[in-house]
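This briefing covers nonpolar cores, strand pairing and salt bridges, in that order.

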Amino acid sequence: MGRRFCPGKAIVPILRARRFIRFSLALGFALSGAALLAGALPAAAQTATGRETKNALGEAAKMFVEADELRYDTEKNNVSAERNARIYYKDQTLEADRVVYDRNSGRVYAEGHAKLTQPNGTVLHGDRFDLTDDFRDGFIESLRADTPAKPYKDVLGAQLPGAPANTDAAGTVTGTYKTYFSAPRAERIEGDTTVFDKGTYTACEACRGNPDKPPLWRVRAKRIIHKNDEKMIYFEDSSLEFLGIPLAYAPFFSAPDPSVARKSGILSPYLAYNSQLGAGLGIPIFWALAPDYDLTFTPTYYSQQGFFANATWRQRLESGEYYIRATGISEQNPTVFPLAPFGSGDKTLRGSFESKGQFYIADQWKFGWEFTLLSDKWYLNDYHVPSQTLSSNYFSETTSTVYLAGQGGRGYFDLRGLSFEGLSSHDFQPQQPLAHPVWDYNKTFDIDPAKSFGIGGQAELDFNLTSLSARAASFEAVGPRVLDKAFGLYDICTNYVPGRATGDCLLRGLGGDYTRVTAEASWQRKYIDPIGEVFTPFAFARLNGEWLDINTTNSYTFASANGSSTYSNASQSNFLGNRDASFFGEFIPGIGLDYRYPFLAKTSFASMVFEPIVQIVARPNQEIGSNSLANLDAQSLVFDDSTLFDWSKYSGYDRFETGTRANYGAQFTMNFNNGGYANLIGGQSYQLAGTNSYATPDAANVGLSSGLDTRRSDYVGAFTIAPNSIFSFVAKARFDVGSLAARRIDLITNYNFGSLTGSIQFANYQAQPVIGYDVRREGLGLSSRYKISDNYFAQGNIIFDMSRQFYPGALIGFTNPGPFAIAAFGLGAGYQDECTTFSINYSSIYQDYGSGSLTRNQTVLLQLQLRTLGETKVTQTFLNTTALDGVKY
């Protein structure tokens, strides 16, 4: 005969108080055993009854029971909590329709929607729990274990194996993941080990509409052993299933459990194939040596080249972090690579050493470095070694630096040394400069009118010191490029005519030592009159000092069976004069006024602003003092709407405007009520008096053919429209002042039609032989991505070299390339969900390696990421070389 208690009501008088105490203690012992089985878990709840018990160490531990009914069956000698039973013990929660403690057998049973929530967030579901009274051993029927969500990054910031590449605006991998175990029967051993008989493991969520449907992938094993003390999962007699179909078998493998961010062991292997390297297999081995540092060693074997080693050390300290990477190989078959200067065919020992670090040494101050040392410049590309110092936007090179930088609210300090290594066959390393150092400082501050006799406004100080050294000068011919006869790689300028060498050649880089110091102070203040006119007077003063010690002794000869060519640093004298060491100094003060008068209008669909702009800048007719004509940091001069109202339109410190110049134009802006906008701006620049610096060539002819080298400049304009979040269009152009012919056009379109996104870019620049561009530069680029569904996508891109038709010569095999010669293109497709990322990509890029050859680099990349298990990559690369007939780039 059973007795029943209803929480919140008085105890039935027929039951003695002593029996209730015995019931509470018995249930308490049973439930404390359950706590030992599950481990510690946080939980908080209101309870119906409570009792303080002792754990195995004699420490006090409170147990709370909450249920609709509490029952003690005297005939069966058991106690139970029934209907919505909930037990709280040592930060864990056990829930079930019914929890029973059998006093005869000393076992605890939880049945009916049983669920145990552990301290780390793991939730164990089962049809029935059968456990010993200390909960260290037992069985669970129809178990399903759900682990808590975990971030994709480990504690050192590295992306975990198999994590999908979801990124935020800063490029940081974001998101979390969960994992799932299941088995028809599981056994708990000594409170530490769980054995899943005929178990499965996956990171894929069950299909909500059909939970019995197999997930995209899962590991099915005869036994899955989860050891909590080791934080490891062992799979015996296992197979990898996709959609319930077994595709791969492994008699045994292991992996860290989902709670581990970093665990020593073997990571997922990868496969690769390259026509020069052969088939390759790499097996990364990871050592988590301490919470703040680790080591990854990846041995790779290539069938044609042998053993390739890659080791990376990472460490995070209190104030920053750094890493060191070393790679290398002793090649078995170096002859598959071209001989120098087209490749590394004469080298067998090749490798790289790289490091990057950054430390915050004080508030707003940081110190860091980046460097890469290479056995040869072809190494990174040949072995596809990723490098943090690699830049390939326009030129393929590595940049090594050490720096000290500070950033304040309205100022910055940056001191760094730099070295460069060119990675293409066209690069001649003695021409690469070493910067020792480059120092920048800038500070902007407000002036209080009350303390400055009513002057007020804003002042700015700007300082730059640049010191460079290079062994060899860099020349380039005006008009069609003249390359060396030996290899067709290097610019050789031979048509020297005393007194007018700058009309035949350009001096791109100095051979020798060069140091320049520039200091500039400026002031401006904005005034708005009662009718809305905006007046901004400004003043500035610029002091520039240069020291040159050019090298006139070094000379370089390139020779082969095709011929030979020589050039000498002594030819720099044609540009800079016959002097070894010289100092130059110049001072340029200036004043000016910027005037704007915005007219505002409001309509039912948009607000409009029309704003005429006039700017006058007055400087001396020419610089006070002299300069060297050397120009190393201001060779990129683009005159467009973004530079129209700059006080000086040069891109660097080596050049500055002189004379008096007027810049004028207008802009019209519409801001639509839906958040879209449109803007139209246009204008012109006019040299009113003094020397037009843009018509005065320096050693690189910068300024000529810029649209600013005539008294009245070319017209520049831009139109931007983004009526909504779906579409945007930008057009920039420069038009000849006399004929209105387009000299420079840039068109950019971006679209986002939900599932279809992409961009179209077009550029057309008139030939500028006087600065080295002897043919028109024209190109078209298209890229798009189509989201077929929530999980499937396809993407593609293509770049047309529309200038190839103007090159002097024709591609053999492409006798008539026409205006749409393909320079590069790529296609890709893939699948991505919460547990899997699969993609296949193909790319084809034409690269000029010189000596009359154009190489087509084709790569196929197959990538499969199974979250938490790892990532597999298969890469196949083919190189096809096409001869060129007289083509020189």
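In the largest nonpolar core, which has 39 residues, W217 and I224 touch the most other members. A nonpolar core is a set of buried Ala, Val, Leu, Ile, Met, Phe, Trp, Tyr and Cys residues joined through side-chain atoms within 4.5 Å; buried means under 20% relative accessible area, exposed over 50%, and partly exposed in between (1.4 Å probe, protein chains only). Another core, of 29 residues, lies apart from it and includes F475, I492, I550 and L576.

The model is predicted: local features need pLDDT of at least 70 and side-chain atom pairs pLDDT 80 or more, while totals for chains, interfaces and linings use all residues. Residues are numbered from 1 along each chain as its sequence is written, and side-chain values use heavy atoms, without hydrogens and water.

**Strand pairing**
- Strands are DSSP runs (E, at least two residues) numbered from the N terminus, and two of them pair if DSSP finds at least two bridges between them.
- Strand β12 (residues 180-189) pairs in the antiparallel sense with β9 (residues 138-146) over 8 bridges, and Y180 in β12 is the bridge partner of D146.
- β12 also pairs in the antiparallel sense with β13 (residues 193-202), over 8 bridges, with R188 opposite T194.

**Salt bridges**
- The structure holds 38 salt bridges (a side-chain nitrogen of Lys or Arg within 4 Å of a carboxyl oxygen of Asp or Glu).
- In one of them, the closest N and O atoms of D641 and K732 are 2.7 Å apart.
- D641 lies in the loop between β41 (624-625) and β42 (660-672) and K732 in strand β46 (residues 727-735), so this pair ties together parts 91 residues apart in sequence.
- D641 is buried at 17% relative accessibility, whereas K732 is partly exposed at 26%.

Methods. Helix = DSSP H or I, 4+ residues; strand = E, 2+ residues; numbered from the N terminus.
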